[in-house]
Amino acid sequence: MTVPKEVEFPNSNEDSFFFHTDGLACALSDGASESYDSKNWSWILCETFTKNARRVNRGTFYKLKEIKNLIKIARTEFEKFYSVKTLSWSQEASFKRGSYATLIGVIDHGTTIEILAIGDTVVIWRDQNSLLNSFFIDINYDFKKKPLLLCNQMKEDTLFFEKLNQQWSYVKIKKNKILNGEIFLLTDAIAQRVLNLSNNGYTTLAINILKKSNIEFYNWVIKERSEGFLKKDDTTVAWINVDAAT
């Protein structure tokens with residue numbers, strides 16, 4: 001489900017979601033509005049993560065080597081996308097300044113799932129005691145601050161990799177620790193609202209919001225924005241059942 005920041009301009013939505021047809025992997029990304037063509041950059045990141053995911057029985061797939069390769073492939077695809085376009089001098093200058101986006105990627109490893117989390121896009125789930133869990137950020141996170149983002153330019157790499165386990169990370173979770181096999185991928189606006197609701201004792205309400213139909217979710221987002229409870233931003237939720245994955 002997704003509701004754009006400007007509902008009258010749905011094509012301006014810079015959130016992207018990609019799901020592997022065999023259920024192996026999925027990814028959600030939120031393009032940074034202030035950067036150049038973050039819509040296509042976020043889409044390429046999701047597609048690259050999902051198409052390059054592989055299942056492993058032991059160990060962790062997304063170590064630094066794999067992450068560096070993921071970024072390299074995504075950058076190459078983004079360069080290809082623009083190699084056939086004629087840019088004005090101002091567009092070219094904006095392109096060189098960089099495109100930025102968050103990324104949440106999930107891989108099904110059979111009995112476990114693996115999550116790669118970069119920026120303020122979040123995965124949440126309930127444990128067997130119905131307590132809300134989130135990765136990488138939690139209720140103590142300040143959503144007003146600028147998150148660490150993936151850039152299509154190498155100039156940001158040193159800063160990015162220095163922030164491992166500080167502003168981004170990866171983790172494996174046993175499926176039997178996840179209530180009903182349900183995980184939810186959220187961009188920052190809805191993540192902030194859901195985490196706040198849960199922190200105030202309304203976890204069931206928060207989860208039910210994420211299970212609304214498309215029209216119910218749309219109406220809820222519009223109402224929450226008008227009442228000042230939800231930041232006006234592209235708002236996206238992906239509801240995944242990892243027990244159903246193959």
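This is a predicted model: local features need pLDDT of at least 70, side-chain atom pairs count only at pLDDT 80 or more; totals for chains, interfaces and linings use all residues.
Ser130 sits in the loop between β7 (122-126) and β8, and its phi is positive, near 70°, even though the residue isn't glycine. Most residues other than glycine have a negative phi.

Asn180 is another non-glycine residue with a positive phi, near 60°. You'll find Asn180 in the loop between β10 and β11 (182-186). With 46% relative accessibility, Asn180 counts as partly exposed too.

Here are the two side by side:

| Residue | Phi | Relative accessibility |
|---|---|---|
| Asn180 | near 60° | 46% |

There's also a backbone feature at a peptide bond: the one joining Phe135 and Phe136 is cis, with omega at about 10°. Phe136 belongs to the loop between β8 (132-135) and β9 (150-151). Most peptide bonds are trans.

Now for the sheet. Five strands form an open sheet in the order β2-β3-β5-β6-β10, and the pairing is antiparallel. At the edges are β2 (15-19) and β10 (168-174), each of which pairs on one side only. On average, neighbouring strands are turned by 10° against each other, ignoring direction. Helix α1 (residues 38-52) packs on this sheet and touches β2, β3 (25-30), β5 (103-108) and β6. The direction of α1 makes about 20° with that of β2.

If you want a pair to look up, Glu114 has Lys172 in β10 as its bridge partner.

Definitions and conventions:
Residues are numbered from 1 along each chain as its sequence is written. Side-chain values use heavy atoms; hydrogens and water are left out. Two strands pair if DSSP finds at least two bridges between them. Helices (H or I, at least four residues) and strands (E, at least two) are DSSP runs, numbered from the N terminus. Axes are lines fitted to C-alpha atoms, for helices over the stretch in contact, and angles run from 0 to 180 degrees between N-to-C directions. Contact means heavy atoms within 4.5 Å. Buried means under 20% relative accessible area, exposed over 50%, partly exposed in between (1.4 Å probe, protein chains only).
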